[in-house]
Amino acid sequence: MKEETSKINDVQQGINSEDLPLTDELVVSYLQDNPEFFNRHNSLMTSLRLIDEQRGTVSLVERQQQLLRQKIHGLEDEITQLMSVANHNEQLFVLYSDLYLRLLDCQSAGELLDCLHHTTIELLSLSSFKLWLLPANNTALTHHSLSTNDCADIMQNRLSKEEYYFGRLQESEQTLIFSQPCAGSVVLIKLTHEEKVLGFMAIGSAEAHHFDPRMDTLLLNQFKRLVAKLLQQQLAL
């Protein structure tokens, strides 16, 4: 009886092995399920030769070392990028902190716009800065940074449901805001104080991808709240 059972098992194994051809997936699955395989066949670690496009044939150990080195280089690059981003963010934080103090010292709406224009164009090295005020808020204020064209449709289309717009503008929109077409990208920042919409700031960059919808708005949130508050105070004087 035992012999018959053994023969049946042998036959079933033979059928199974024929029905299941050896594939990459099966080999990978087996090695994952049997991590001690190379311990039982230690000589394979050095005798198995793998094709390498740059070095010809290498052993499994050499290939592992190469992959580890590549992973380490990749991690080093990521750390370098993170440090670069952190350094850039620190510089922005210092710049914004200094800007806040300057804005608080402004004695008029004109000084406020001078400060914003100086920071945008000279310190941040951006290409343009404009402020557009709703007609109800635009009193007798005159300044070269004020957009005097009717930008109500732009505000309705770009900022009716959002606090910011990042990206490219149509040429007609560029002309209305900046009085001329401008290549690159822009950010439109809605200015609201105590639920009263004042208008928007428009900042342009010559780089097409400088202002991207994925940009973080943490610093901008604080910046626009302060500008809106100070602007409302100065316009009320």
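In the predicted model, a nonpolar patch on the surface is formed by L22, L26, V27, Y30 and L31. The accessible area of these residues together is about 460 Å². One of them, V27, lies in helix α2, which spans residues 24-33. The relative accessibility of V27 is 37%; V27 is therefore classed as partly exposed, since that class covers values between the 20% limit for buried residues and the 50% limit for exposed ones.

An open sheet is built from four strands, arranged in the order β3-β6-β5-β4 with antiparallel pairing. The edge positions are taken by β3 (128-133) and β4 (164-167). Each of these two strands has a single partner strand, so one side of each is left without a neighbour in the sheet. On average, and with direction ignored, neighbouring strands of the sheet are turned by 15° against each other.

Within the sheet, β5 (residues 185-193) is paired with β6 (residues 196-205) in the antiparallel sense, and nine bridges connect the two strands. In this pairing, A202 of β6 is the residue opposite L188.

Two helices pack on the sheet. Helix α7, comprising residues 152-159, touches β3, β4, β5 and β6, and the angle between its direction and that of β5 is about 95°. Helix α9, comprising residues 218-236, also packs on the sheet, with contacts to β3, β4, β5 and β6. For helix α9, the direction makes an angle of about 55° with that of β5.

Key:
Residues numbered from 1 in each chain as written. Predicted model: local features only at pLDDT ≥ 70, side-chain atom pairs only at ≥ 80, totals over all residues. Heavy atoms only, no water. Pairing = 2+ DSSP bridges. Axes fitted to C-alpha atoms, helices over the stretch in contact; angles between N-to-C directions. Contact = heavy atoms within 4.5 Å. Patch = residues over 30% accessible without salt bridge, like charges linked within 9 Å, V, L, I, M, F, W, Y side chains within 5 Å. Areas by Shrake-Rupley, 256 points an atom, 1.4 Å probe, with all protein chains shown as cover. Salt bridge = Lys/Arg side-chain N within 4 Å of Asp/Glu carboxyl O. Buried < 20%, exposed > 50% of the residue type's maximum accessible area, 1.4 Å probe, protein only.
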